[in-house]
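Hi,

Here's the structure I said I'd pass along. Have a look at it first, then read my notes below.

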Amino acid sequence: MKFNVSIIIIGYNSLNTLKQLLPSLGSLNTQNVNLEIVYVDDGSKDNSIDFFKSYSLKHKTICCQFSKNKGRVHATAMGIEQANG
């Protein structure tokens, strides 16, 4: 049996954090898991979203962005709305 799992990442000017986080997601054991990574950019100004889009992950990725910072509550709600797992 495979489980559907979504990891939701909320980012605001999080380029340095993404550079550390994304490689670790590639090493996850996902043998019995359909994994998707949902990244919600909350109006960053540091090209975080461009880095996420260009980073090659073996898992399904979903990316969405707010044009201006709306806060964690709105970003979390958007991530949950986009997630399938």
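A quick definition before the numbers: I call a residue buried under 20% relative accessible area, exposed over 50%, and partly exposed in between, using a 1.4 Å probe and protein chains only. On that basis, buried residues make up 36% of the 85 residues in the protein.

Some housekeeping: this is a predicted model, so local features need pLDDT of at least 70 and side-chain atom pairs count only at pLDDT 80 or more, while totals for chains, interfaces and linings use all residues. Numbering starts from 1 along each chain as its sequence is written, and side-chain values use heavy atoms, with hydrogens and water left out.

Now the fold. There are 3 helices and 3 strands, taken as DSSP runs numbered from the N terminus (H or I, at least four residues, for helices; E, at least two, for strands). Along the sequence they follow the pattern β-α-β-α-β-α. The radius of gyration is 13 Å, close to the 12 Å that the globule rule gives for 85 residues, so the protein is as compact as a globular protein of that length. That radius is over C-alpha atoms, and the rule is 2.2 Å times the number of residues to the power 0.38.

Strand 2 (residues 33–42) is the one to look at: 8 of its 10 residues are buried, so it is largely enclosed by the rest of the structure. It pairs in the parallel sense with strand 1 (residues 3–11) over 9 bridges, and with strand 3 (residues 60–66), also parallel, over 7 bridges. Pairing here needs at least two DSSP bridges between the strands. As landmarks, I9 has Y39 of strand 2 as its bridge partner, and I37 has T61 of strand 3.

Cheers
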